[in-house]
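Let me put the model up on the screen, and then I'll walk you through a few spots in it.

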Amino acid sequence: MEFLRQIEEKWQKAWEQAKIFEADPQPDKPKCFVTFPYPYMNGPLHMGHAFTATRVDVYARFKRMQGYNVLFPWAWHWTGETIAGGSERIKQGDQSFIKPLLEIDGVPKEELEKFVDPFYMAEYYTRENQETVRKAGFSVDWRREFHTVMPTFQRFIIWQYTRLKEKGYVVRGTHPVVWCPRCESPTGDADRQVGEGVAPEEYTLIKFVFEDGYLPAATFRPETIYAVTNLWINPEGEYVKAKINGEKWIISRKAAEKLKEQKKTVQILKSFKGREIIGKTCESPIDKRKLLILPGWFVDPDHATGVVYSVPAHAPYDWIALKDLQEKPEELAKSNIKPEEVKAIKPISMIKLEGFGEYPAIEISQQLKVKDQHDPKAEEATKILYKKEFHSGVLKEICMEYAGKKVSEVKEQIIRDFKQKEIADSMFDLPQPVVCRCLTPCIVKVLEDQWFLKYSDPEWKEKVRKALNNMEIYPETAKQWFLDVVDWLHEWACARKTGMGTPLPWSKGWIVETLSDSTVYMAFYTINKHIRQHNIAPEKLTPEVFDYIFYGKGSAKQIAEKNSIDEKILKEMHSEFNYWYPVDLRNSAKELVPNHLTFFLYHHTALFPPEQWPKAIGVNGMLMIEGNKMSKSKGNFVTLKSAINDYGADATRLALLLAAEGMDDPDWRKESVRDIRNKLESFYRFVENIVQNAIEQETGHMERWLMSRLQSKIRQVTENIEKMKTRTAAECVFFEIWNDFRWYKRRKGEMKAKILKEALKIWIRLLSPFAPHICEELWNKTGEKPFISTMEWPIFDERKIDLKAEEVENLVKSIMEDTLNIIKATKIKPKRICYYTAIRWKWKIYQKTLETAISHKIETNMLIKELMKDPELKEKAKQVVSFVQKLIKEINQTSPERKAVRLKLGKIDEKTILLSAKEFLEKELKARVDVYDEDNPERYDPKNRAAYAIPYRPAIYIE
C-alpha cells in the first residue's frame with residue numbers, strides 16, 4: 001500500500017510542476033470543455049462528490065489523450081444558508097451537528113471554534129477540499145478557481161441577473177414558495193436540511209355546508225365529489241372554527257396558521273377537539289345530500305385542512321377505513337354513532353375504468369391484498385388507481401354536465417367551475433416536511449412582490465426543449481426526465497434575505513439564492529484566469545464589460561478605456577470565451593435533474609445563442625454507503641479524504657467507477673475497495689514482470705490472438721467512455737483485458753514475446769484515465785516518456801483483427817469449459833478424454849442455418865425444404881431433420897456478432913486446432929486427450945458420443 005501512495009504523490013507533484021492540465025486556447029486543436037457542479041463548502045468532499053467528479057475526470061483524461069485541448073476547471077459554492085446555517089448551529093453549541101464535524105470531518109477543535117464565522121468555515125473546507133481534489137488525481141486547471149462570494153464572481157452574477165431581468169425572465173409576482181419563518185426567506189433545495197426536491201402542492205378545498213359555515217375538505221381529485229359518502233375528521237386533532245376571508249370554516253389549527261401566510265385573513269373564533277363534531281352531519285355542495293362525519297385516525301391535522309371527504313368506490317384508503325369502522329362498532333359507540341348508520345354507507349361509482357368493475361378501489365385493494373389502513377400496500381393501491389383513473393377514467397352520468405369526459409381532460413375545468421360557483425377554494429401545502437438549514441420547519445408562503453425566474457414562460461420552455469433535442473444526454477433514458485421537468489417547472493423564487501451570496505442588483509436586502517447563481521458560471525471559468533492573472537478589480541467588471549466578453553457587443557477600445565482595463569486583455573477574454581464555449585459535457589447526480597441541471601439549460605438558452613448552448617449532460621446515480629443511504633447525522637458517511645488515506649487514489653477511483661453507471665446508484669463498500677486495492681498491487685507486479693521478461697521476437701498464433709483481442713477492447717472502451725458508460729469501460733479495461741493476458745500466459749506458459757510490450761503499452765494507456773498514477777509509473781518503467789496523461793489514445797486498427805485466431809481460442813476455451821462442467825457434474829476423475837469433431841455434411845447445414853439466422857427469423861420447415869435440395873443431405877433426410885432441430889437451439893444462443901464472424905470464416909479445421917492444443921488441454925484437464933473426426937471408422941468411441949458433434953461444439957467422451 002505504501003509504495004502505491006508514494007507513486008501517487010510522485011506523479012501528482014510531477015503533473016503540477018509540468019502544468020500539463022493547464023489549458024489555453026490552441027486554434028489548431030479541437031477543444032473539450034468539461035465541468036462538475038461546484039460543491040458546497042459546508043463540509044468535506046464525500047464519496048458522492050467523488051463518484052461524479054471521477055466520471056468527469058475519466059472523460060477529461062480520455063479526450064486529452066484523443067488529442068483534444070481539454071479544460072477541466074473547479075470552483076467552490078459558498079452561496080446560501082448552507083454554510084451560514086452550519087455556522088449558526090456551532091454558535092448555538094448544537095452537539096448533534098458539532099460531533100460529526102469532529103469525528104467524521106476530522107476538524108481540529110481549535111479550527112472548529114473559528115467556525116462561528118461562516119466565512120472562515122467556508123475558507124477552511126475550501127482549503128482542505130482543494131488538497132483532496134489534488135490527491136484524487138483530478139486533472140484540474142487551478143488557475144480558473146473561484147468561490148461564489150468572491151467580489152469578481154459577484155459582478156458576473158450581477159451582469160447575469162441584470163440581463164435576465166431585461167429579457168423578461170426575472171419578474172415580480174405573487175407565487176407560493178417554500179418559506180423559512182426564521183430566515184424570512186424562500187428556502188431552495190440547497191438551503192434545506194430536510195426535504196430536498198419538495199415543492200408546494202395546490203389542494204382544492206371542497207366546501208361542505210356545516211351549521212353556519214363550511215367544512216373545507218382538501219383534495220387533489222375534486223371530480224370525485226360526485227361519489228362522496230361521508231367526511232373524515234381526526235377525533236384527537238386540534239381544530240378551530242375561524243373566519244377565513246369572512247366565511248366561517250372548520251379546519252385544523254395548523255391549517256389556520258398556514259392560511260395566514262397564503263394571503264387569507266384568518267380570525268380564530270373557537271378551538272376544540274375533532275371528536276366534538278364527529279357523529280354530526282354536513283351537506284354536499286353538489287346535491288345537498290346529508291353526509292355523516294366519521295372518526296378517521298388516519299387523517300393528519302397538520303396536513304392541508306385536516307378535513308377529508310370519503311370516496312370508497314375510488315379511494316382505497318377510504319374503502320379500507322370505512323370497512324374497518326363497520327367491523328368495529330365499539331369505536332362508533334364512543335362517538336354516539338349508531339353502527340347501522342355506518343353500515344348503511346355504500347360506495348358510489350362515478351368513474352368508468354377499463355379493466356375494472358363498479359368499484360375500482362375495492363378491486364385493487366383485494367388484488368394487492370391490502371390488510372388495513374396501515375398496510376404500505378394501501379399507498380401503492382392509491383397511486384396505481386389515481387394514475388389509471390386520471391389518464392384513462394371516463395366520468396359517468398352521475399357527474400352531470402361532465403359525464404362522458406375523461407378525468408384528465410376535464411379536471412381543470414371542474415376546479416374553475418367549482419370556484420366560480422363558490423363551492424370550492426384552494427390552499428397550498430408541502431407533501432412532506434421541509435426543514436431549513438437553520439433547523440426551522442418550513443411552510444408554504446404566498447409571496448407578493450417577490451422576484452421569480454419565470455420558468456413557466458412558454459417561449460423559454462420551447463428554447464430549452466430545442467436545446468435538449470439538439471444535445472446528448474447520458475444515459476439517453478434521462479432525456480425524457482428533463483423534458484418532463486421542463487413541462488411542469490414554474491416560477492422559482494430566485495432571491496432570499498439571509499445567508500451568503502450576491503446582492504440582487506435592483507432590490508436592496510435580497511441575495512441571489514443558491515440554485516440561481518449556479519447556472520452559467522461555466523462562462524466565468526473561461527475568463528477567470530485573466531481576471532486573477534491581471535488582478536482586475538471587481539468594480540471594473542461592469543455589465544458592459546461582460547457584454548463585450550460574451551457577446552462582442554460595443555467597441556473594445558472604448559469599453560476598455562471607460563473601465564480602466566487593458567484593451568488587449570479585454571480582447572483576450574472575449575477570444576478565450578469564444579474558444580471554450582459551449583460546454584461540451586456537464587456531469588452530475590440525478591437528484592439535480594429537477595433543479596440545477598434543468599436551470600443550467602434554461603439560463604444558457606436565455607443568455608447565449610444556440611451555437612453556445614451545452615452539448616452534453618451526463619447523469620449518474622446517488623451513492624450509497626454499505627447498502628444504505630449516505631447520512632452524516634447517522635454516521636453512514638465517508639469522506640473522499642479518508643478514502644484516499646485508507647485505500648489510495650487509484651483504488652478509490654476504480655472502486656467508484658466499477659460500482660455503477662447510468663442512473664443506477666453506486667454502493668461504496670469497504671470490502672470491494674480493499675479488493676480493488678489488492679488487485680492494483682497484483683496488476684503492478686504482473687506488468688513489471690512482463691516489462692522485465694518480454695524480450696523474444698516470436699510472433700505466432702497466440703500473439704496474433706492477443707493483439708486482435710486488444711483491438712476489440714480499444715473499440716469497446718472508446719465507445720463506452722464516449723457514452724459515459726464508465727463502469728462498462730472500467731470492467732473491460734481492468735478485468736477483461738487482464739483476463740486476456742492471463743489466458744495468453746496460461747496457453748503459452750510464459751510471458752516472453754517482445755510484442756507483449758506493445759500490447760502492454762496499449763493496455764496501460766487504456767487504463768490511465770481510470771487509474772492515472774499507477775499507469776504513469778508503469779509507463780515510465782517501459783521506458784516511455786513524456787507523461788502517459790498526454791500520450792495518444794490507442795486507435796482501433798482493423799488490420800490487426802484476426803477473426804480466425806479469436807475463433808480458434810474460443811473453441812479451445814469452450815471445449816475446456818464444457819469438459820470441466822461434465823467432470824464437475826459427474827464427479828469423474830478422468831483418465832482419458834476424447835473429442836469428436838463434426839462431419840462435413842453438418843458443416844453444410846451449419847453454414848446454411850447461419851445465413852438464414854442472420855438475414856431473418858429461422859422457419860424450420862422452410863430451412864429443411866431448402867436443405868433437401870442438396871443431394872447429399874437428401875440422402876440423410878432423417879438425420880438432417882433431427883440435427884436441424886438441435887442446431888437451431890444452438891444458433892439462437894449464439895450472439896449476432898459471433899454468427900457474422902463464423903459465417904465469414906466458413907468451415908474451420910477443428911481437429912487440427914484441438915490437436916495443436918492437445919498438450920495444453922492434457923495439462924489443464926490432467927488426462928490423456930485424443931481427437932477424432934466424427935466419421936473416422938477407427939475412432940475410440942465406446943458410447944457413440946461422436947454423433948452429438950456440432951460445428952464449434954465437438955462431442956466429448958470421458959472415462
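Before any percentages, here's how I use the words: buried means under 20% relative accessible area, exposed means over 50%, and partly exposed is in between, with a 1.4 Å probe and protein chains only. On that scale, buried residues make up 57% of the 959 residues in the protein chain. Housekeeping: this is a predicted model, where local features need pLDDT of at least 70, side-chain atom pairs count only at pLDDT 80 or more, and totals for chains, interfaces and linings use all residues. Residues are numbered from 1 along each chain as its sequence is written, and side-chain values use heavy atoms, with hydrogens and water left out.

So, the overall picture. The C-alpha trace of the protein chain spans about 105 × 80 × 55 Å along its principal axes. For secondary structure, we have 36 helices and 31 strands; those are DSSP runs numbered from the N terminus, helices being H or I with at least four residues and strands being E with at least two.

Next, aromatics. Rings of Phe, Tyr and Trp (its six-membered ring) pair if their centres lie within 6.5 Å; planes under 30 degrees apart are stacked, over 60 edge-to-face, and the rest tilted. How many aromatic pairs does this rule give? The count comes to 72. One of them is Trp 451 with Trp 506, an edge-to-face pair at 5.3 Å centre to centre, with 75° between the planes. It links distant parts of the chain, 55 residues apart: Trp 451 belongs to strand 19 (residues 443-453), while Trp 506 is in the loop between strand 22 (495-496) and strand 23 (511-512). Is each partner buried or exposed, or something in between? Trp 451 is buried, because its relative accessibility is 9%, whereas Trp 506, with 26%, is partly exposed.

Staying with strand 23 for a second, Ile 511 sits in that strand and counts as buried, since its relative accessibility is 14%.

Now the backbone. Most residues other than glycine have a negative phi, and most peptide bonds are trans. Here are some exceptions. Lys 369 has a positive phi near 55°; you'll find Lys 369 in the loop between helix 12 (360-367) and helix 13 (376-392). Met 724 has a phi near 60°, also positive, and is in the loop between helix 25 (701-722) and helix 26 (726-748).

Then the cis peptides. Tyr 581 and Pro 582 are joined by one, with omega about 10°, and Pro 582 is in the loop between helix 20 (567-580) and strand 24 (585-589). Lys 785 to Pro 786 is also cis, omega near 0°; Pro 786 lies in the loop between helix 28 (772-781) and helix 29 (803-826).
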